[in-house]
Amino acid sequence: MSEIARTARGRAVFISLMLLPAVAALGVFMYYPIEETFRLSFMRSSGLGDAAFNGLANYQFLFGNDEFRAGLAHVFLWAFWSLVIQLPLAFFVSYSLILYRNRITKSLRAVYYLANILPSTITAMLGIFVFSNTNGVLAALARKISWTWLAKLDFIGDPTLAFWAVFFVATWMYTGFPIIYLMARMEQIPLEIREAAELDGAGGWRYARAIVLPMISYPLRILAVLMIVGSLKLFDLPYLMTKGGPGDATKTLGIILYNQGFVNWQYGSAAAVGVVIFLLSLVFTIAQFSWQRKGGEAE
Amino acid sequence: MSTLSPGIGGGRQPRGSRVNVPAAIVTIILIVLALAVIVPLFLPLLFVFKTRLEYSYNPWSLPRQIRWDNFVQAWKVIQLGKGMVNTLIVCLGAIACTVPPAACAGYIFARYRSRMTEVIFYVILAGYFVPLQMVLLPLYRMSVGLHLADTLPGVFLPMAAFGISFWTLIYRSFFRSLPCELAEAARIDGAGHWGTFFLIMLPLAGPATVLAVLLVFMSAWSDYLLSLIMISSQALFTMQLRVAQFLNAYGVDHMPRYSAAAIISAAPTLILYILGHRWILRGTLAGALKG
């Protein structure tokens, strides 16, 4: 064998062996299960054995099912309110942190992300603990100042309030990421632009509207996509706080998949929920990539 | 005229640090929001040193004496000790199965670019966007087949597979940022592909590795969903499963003991964050700013 051929082979062996662990891990634990999800979603199967091909029956069942429709509605409601509440809140905090630089705001920076790193079991516990009707912080405080109307509200047990209680806790937990992300993006805006704006008399919040917002429109859209995909994946907080209840009030697609698959052992319909989650995430992720390409050109 | 200078852009301090009203108001709002984040975290401290009776009469008073009973009880009744051992195994397993494959793959994608490796790179990158929730069920069925269900590797292997994509991206950009001359020099010195990687490049990637180990540890420590579906026997329950189990069984009726459990189970990530928040934020953003 010639010297060149040998080094080429050595190089190929090196590349293959270096890629093998990552490729094998993803192949076995991600891509094979994805294929299985699609396959199972067309099967009538419960228990461990496979049953016959079932066509679209699982999907028909899901879309005719009140629980699933409620879950789908919650996912989109959740995404909508995340965009309306969490995104502006994150923009306000991150912009203020940068606009009003002083010793206090500097030390506050790391605080907002703190809740994000807590285990969700702890966050859920704190949430129940604040909102619980029997022993909750809110109820106890309300009783103390004799706001009986507030003390009477059952945030966990009332179908309308439960959604908001969970959403509130999620906002507390998850808004930290958009804050630090937007902050990092805003810090990338060149200093000259700011100085030019200031010379033109666009300081403070006018500067935000006229220059910063347009310049971070692309990161804002990315965050919007992340929030929508996050709603599709939502499981831990509502499951731990309310188990999706009362009734279907806080059911999410994640909870429905879990219940179908691991409580009712209905593999087929659980897999169909998985496919719905996947396809919806795919649509929004592709949207993100097409924006990204445009954003890359603009920058 | 500019009393209010926006500090957007580089790290330069704004000109004129005169106190102005909007700045003061906004700062106060920011402080209130920060308190809203922090205060709930301190609530458990208010209860953890009380007996159950004391708690039901005076939940809001400061503890009259420091008792450690609740910690001891939480450790025993909720069996947090066992849970902690299991969680640590999951963390170590997740680190061992995520970081080395990602480092190797990231190096190849940074330094051995060809059409073939580009294709594989996109296959791995795509994994970053796959929601774990989607595949829970086949994952579980497959684990039963592989005898991984109800074992700790059954938790950390899929966890690693879903983490490798992100860290491959990080390593790839890290290796790309290292000067090419180093690898050239190593090769001239007679180091082969393997030697160059293990002896020269990998040690240089130390910062990326520290970050990866830290963040993989933190997310493995906090995991709930995978442990929930994979683990069914009590002896293998991770810490978060035990805490959740306790929450389900008692709700908030046993607040002091529950607070103790919560403090123990949240402490490691909180301490790591307080010590290394600069790093953690940088690492979290590194992926996001690229992607």
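A polar contact is a pair of N or O atoms within 3.5 Å; within protein, one of the atoms must be able to donate a hydrogen and the other to accept it. All views below show a predicted model.

**Figure 1. Lys251(A) and the side chain of Glu67(A).** The side chains of Lys251(A) and Glu67(A) form a polar contact at 3.2 Å. Lys251(A) sits in the loop of chain A that runs between α13 (236–242) and α14 (253–263). With a relative accessible area of 9%, Lys251(A) is buried, because buried means under 20% relative accessible area. Once neighbours within four places in sequence are left aside, Glu67(A) is again among the residues in contact with Lys251(A).

**Figure 2. The fold of chain A.** Chain A has 15 helices and 0 strands. Its radius of gyration is 25 Å, well over the 19 Å that the globule rule gives for 299 residues, so chain A is more spread out than a compact globule. The C-alpha trace of chain A spans about 70 × 70 × 30 Å along its principal axes. Of the 299 residues in chain A, 57% count as buried. Among contacts in chain A with a separation of 6 or more, 67% are between residues 24 or more positions apart.

**Figure 3. The interface of chain A and chain B.** The contact takes 105 residues from chain A and 98 residues from chain B. Between them the two chains bury about 9200 Å², and 77% of this area is on carbon and sulfur atoms. On the side of chain A, Phe14(A), Met18(A) and Phe29(A) lose the most area to chain B, and together they make up 9% of what that side buries. Helix α1 (residues 3–41) of chain A supplies the largest share of the side that touches chain B, 23 residues. By residue class, the side of chain A that touches chain B divides into 73 nonpolar, 19 polar and 13 charged residues.

**Figure 4. Ser227(B) in helix α11 of chain B.** Helix α11 of chain B covers residues 225–230 and includes Ser227(B). Ser227(B) counts as buried, at 2% relative accessibility. A polar contact of 2.6 Å joins the side chain of Ser227(B) to the side chain of Asp223(B). Apart from neighbours within four places in sequence, Ser227(B) is in contact with Val155(B), Thr238(B) and Leu241(B).

**Figure 5. Phe71(B) in helix α3 of chain B.** Phe71(B) belongs to helix α3 of chain B, residues 69–77. At 16% relative accessibility, Phe71(B) counts as buried, because the cut-off for buried is under 20% relative accessible area. Not counting residues up to four places away in sequence, Phe71(B) touches Val48(B) and Phe49(B), along with Ala260(B), Ile263(B) and Ile264(B). Phe71(B) and Arg257(B) are 186 residues apart along the chain, and their C-alpha atoms are separated by 6.9 Å.

Conventions:
Residues are numbered from 1 along each chain as its sequence is written. Chains are lettered from A and ligands numbered from 1 in the order in which they are written. This is a predicted model: local features need pLDDT of at least 70, side-chain atom pairs count only at pLDDT 80 or more; totals for chains, interfaces and linings use all residues. Side-chain values use heavy atoms; hydrogens and water are left out. Helices (H or I, at least four residues) and strands (E, at least two) are DSSP runs, numbered from the N terminus. Buried means under 20% relative accessible area, exposed over 50%, partly exposed in between (1.4 Å probe, protein chains only). Contact means heavy atoms within 4.5 Å. Buried area is the accessible area (1.4 Å probe) that two parts lose on being put together, summed over both. Ala, Val, Leu, Ile, Met, Phe, Trp, Tyr, Cys and Pro count as nonpolar, Asp, Glu, Lys and Arg as charged, and the others, Gly among them, as polar. The radius of gyration is taken over C-alpha atoms; the globule rule is 2.2 Å times the number of residues to the power 0.38.
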